[in-house]
Every structure is written in structure tokens, then in C-alpha cells.
Amino acid sequence: MDAPMQVSPEGLAWFEAARFGMFIHWGLYALLGRGEWVMHNERIAPQEYAGLAERFSPTAFDADAWVKLAADAGQRYIVITSRHHDGFSMYDTALSNYKITNTAFGRDPIAELAAACTRHGVKLGFYVSLLDWRHPAYRFRRESGQHWADYLTFLHGQVRELCTKYGEIACIWFDGDWPHHTFTADDAYFVPGGPFRYKALYSMIHTLQPNAVVLNNRHATPLPGEDIQGFEQDLPGQNTAGFNVTGPQVGKPLEVCMTINDHWGYHRADTNLKSARQLVHTLARAASDGANLLLNVGPSPDGKIVPEQAARLRKVGAWLARNGTAIYGTRAGSFIPTTDAVTTRRDNTHYVLVLNDAQTVTLQGAPPAGLNAQLLTDGIPVTITRNGNAITLTLPTAGRDSLATVVVLNTEETGR
Ligand code: H79
């Protein structure tokens, strides 16, 4: 039989129903506190950067605390950096000595997270960098005499490890191949020495982990073997970050990844945090577009999730505990999203997520007949007024949620 080329239907259904995940960017860069691109941005030589490994001692790291936070936040999966562009492996790989188990810390945090995830019913997946700013076969082929094929052996071998060492995983999340972007002389060392042999890479993942999705953050329409279209720092169809020129594929599985502040890796001076309200609205908008939200935390070098980030996640989790029915297991809404409200849908039930505090909200694209509406949390009736193809909901003053109020619309209509 041919090797499977996509995720199993069960794996995909699980992933899409999950809707909310925790992204974790954690590596040596946390020590410098200036984000995960510090090695490139400040042109730190690989030899010098490697000195950070001698200082890495995240003694406060507690896998259970991280996973429990994700669970409390209502996040159903975690995606952690196994190796970022700096080339340092955050797990006990047999394919490199440049790894966390060779530091004084000596532990494998990914093994500890995998065990904690099993305990808390959260799935674990791995970010894998295709780009490597220090690997002799990626950046220094001339100096080392190594070949591109040596890098492919390393990359494919690491992915095989991640698919075999840590139990059933949620996903492999690739990053660092951006075919649409042009490189200047300044970042010439980003350019790969050849193709990544995606067909072999993806079919290996789908064979070893049939329920895991493959996402490649190429900022482009998914290739065969890629299961999810990803959007970086933008909702589907938006392009404020400048990366997301390719629009969403209609009706296809989507995921938005986003930071809580303005950096992925730990940044000491970045206090520009989104509020819990903004985060709930982003989650609601993503769900209404049919997309998951993978929300990032950048733990500090001592191994703690930054308290200000954790506090916001707990507030989102408290909101989800009351309103998660409108998010988990839903699909894109049938009403046109507005600045005031977005919708999700499960069969004949529509969830209207009201994002402002106004008493009325108007939606275009009303289903025909037999509509009734009430607040999700306490069943207080909501008045519906029709005007052509639009409906206006008049919400009660009691029972409003300061983050977002959910109205349940039931209709007799079948399918659409
Ligand atoms: O892991 C996080 C980031 O480190 C990584 N993706 C998220 C999930 C990331 N950061 N920036 N980007 C991805 C976008 C890439 C921008 C680029 Fe360029 C523009 C790459 C090529 C052109 C500027 C010019 C940076 C390098 C060359």
C-alpha cells in the first residue's frame, strides 16, 4: 500500500474541533531576552551564541505547571519549538551534540511535557525549523565540506525522532522556508542548499503518526501532504504583518498563530500585551473564520511562563469555561462578520459572539424561518427583529459578559 499522504480523517476532525492551542517559543535566546531572532538580528557568531548553552539553567521549569496552564486556558494542544532557527535542539536528539541535555540542566523538557500532556489530556506537537543559522550542512557547507544531503539526513532524522520518541503527537509545524520572500546579501545564509524533499518528509510523518497534522508556515497555499493552511500574526484574509499575501482556501482547515505581545521568544522589554478581551475576540474571529488559534507564550530563561501572559490565558480560559460551546467543535459562521459580532455554527445552531457592549446587534444573511434566540449562559430570551435579509438582536442588560456575550440562535432550517 502507498504511504499515506495526508492526516487521517479522525486526526483532522480532532484538530479542527480543538480550535485553541498554546504555542511555546523557548530556547537559548530566552537568556538574552530580546526575542528568538536575536542571533540573526545582532549578527552573533554561532561560536559565541553557543556560549549561551553553558549558562542555560531553567531550574524553575515545571512541565505540569505549563500543561496545567494550557488546560486551564482551554487550550487543547501545545506546539513547542524542538529546534528554532538558532539550531539548538530543545530535546534529547541523537543527531546533534548542540542540545539541551548537554547543558548543566541535563533534562529533556519535551519528554517531561509529553508525560505531563498525557496526564492533563492535552496533545503535544512540535515546531521544527527548516532553516538553521549554524548547521555546518546548512550555512557552512564550504567551510565544513558537508553537503545539503547531510542537512536533509539531519532534518528528516530529527522529524523521525519527534514522531517516535514522544507518543502520539498533534502535529509537526514547519517554519523557515519562505519561497515568496526575497533574500538580500544580508540574509543570504537563509537560502537553503536545495529542496527539502517534502514528499518523503510528509509521508514519513503521516506513516509514523497517522493522526498528526502537518503544517508548513510557508505563507503559501498548502502543498500535497500539508493538512492545514497557516496564517502568521493575522486572521485569515488579513495581511497586516505583510507575510500573508496568500488568501485562505475556502472550507479548508486553517490555523492562525499569534503572539500575546509583539515577540515569540522571551523579550524582557516587550510589555505591549494584548488584553484578555482582545484575545477572546481574536479567538472568536478565528473560529468564525473556521480557523484554530495557536496563541504563543515565550517563557523566561529560568523556565517559567511569564506571569502577565499566564494571567491573560487564565482569563480566556474562564471565558471558555462559560462559553466554549460557541468555539469548540464549531465551524465557520454563516453570517457576515462585523466589527460588533461574529458567528460560528454547529448544524442548525448559530452562535453569535457579541464583541461590544451595545444593546443591539445586526447580522446580514439571516436564515429563513423558525428562529429563536437566547443568551448561552443563562437562557435569557433575546428579541429578534427581521428586516429583509438582516436580523437585529436586542440583548437583555442582565447576563452580559464583559469579554464577549454569546447568543444562541436556533433554526429549523436544515444544512447549508
Ligand atoms: O517562529 C516565529 C518566528 O521566529 C518565525 N515564525 C514564527 C512562528 C518568523 N519570524 N519572522 N518570520 C517568521 C517571517 C519571515 C520574514 C522574512 Fe526575511 C522576510 C524572511 C524572509 C523575508 C527578513 C528578511 C528576515 C529575513 C529576511
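Phenylalanine 126 stands opposite isoleucine 172 in β4. The model is a predicted one. This pair of residues belongs to the pairing of strand β3 (residues 123-129) with strand β4 (residues 171-175). The two strands run in the parallel sense and are joined over four bridges.

Step back to the sheet around them. Eight strands make an open sheet in the order β5-β4-β3-β2-β1-β8-β7-β6. The pairing is parallel. β5 (213-216) and β6 (229-232) are the edge strands, and each of them pairs on one side only. From one strand to the next, the twist averages 25 degrees. Strands of a sheet pair through backbone hydrogen bonds, either parallel or antiparallel.

Helix α1 (residues 9-18) lies across β1 (20-24), β2 (77-83), β5 and β8 (291-297). Its direction makes about 60 degrees with β5. Helix α6 (residues 109-120) also packs on the sheet, where α6 touches β2 and β3. The direction of α6 makes about 170 degrees with that of β2.

Two packed helices are described by the angle between their axes and the distance between the axes. The axes of helix α5 (residues 63-72) and α6 come within 8 Å and cross at roughly 45 degrees. That angle makes α5 oblique to α6. The crossing is right-handed. On the α5 side, the contact is made by Ala63, Asp64, Trp66, Val67, Lys68 and Ala71. On the α6 side, the residues are Pro109, Glu112, Leu113, Ala115, Ala116, Cys117 and His120. By class, this contact of α5 with α6 has nine nonpolar, one polar and three charged residues.

The next pair is α8 and α9. Helix α8 (residues 148-164) and helix α9 (residues 198-208) have axes that come within 10 Å and cross at roughly 15 degrees. The cut-off for roughly parallel is an angle under 35 degrees. So α8 is roughly parallel to α9. The crossing of α8 and α9 is right-handed. From α8, the residues in contact are His156, Val159, Arg160, Cys163 and Thr164. They meet Ala200, Leu201, Met204, Ile205 and Leu208 in α9. The contact of α8 with α9 has seven nonpolar, two polar and one charged residues.

The partner shown for β9 is strand β10 (residues 341-346), paired in the antiparallel sense over two bridges. In that pairing, alanine 332 stands opposite threonine 344 in β10.

The axes of α10 and helix α11 (residues 307-323) come within 9 Å and cross at roughly 55 degrees. That makes α10 oblique to α11. α10 passes α11 in a right-handed crossing. Ala276, Leu279, Val280 and Leu283 form the α10 side of the contact. Arg312, Lys315, Val316 and Trp319 form the α11 side. The residues of this contact divide into six nonpolar, no polar and two charged.

14 residues surround the ligand. The closest are Asp175, Trp178, His181, Asp187 and Trp264. Asp175 also falls within the range of strand β4 (residues 171-175). By class, the shell around the ligand has seven nonpolar, three polar and four charged residues.

Definitions and conventions
Residues numbered from 1 in each chain as written. Predicted model: local features only at pLDDT ≥ 70, side-chain atom pairs only at ≥ 80, totals over all residues. Near = placed C-beta within 6 Å. Nonpolar A, V, L, I, M, F, W, Y, C, P; charged D, E, K, R; others polar. Pairing = 2+ DSSP bridges. Axes fitted to C-alpha atoms, helices over the stretch in contact; angles between N-to-C directions. Parallel < 35°, antiparallel > 145°, perpendicular 65-115°, else oblique. Left-handed = near helix turned anticlockwise from the far one by under 90°. Contact = placed C-beta atoms within 7 Å.
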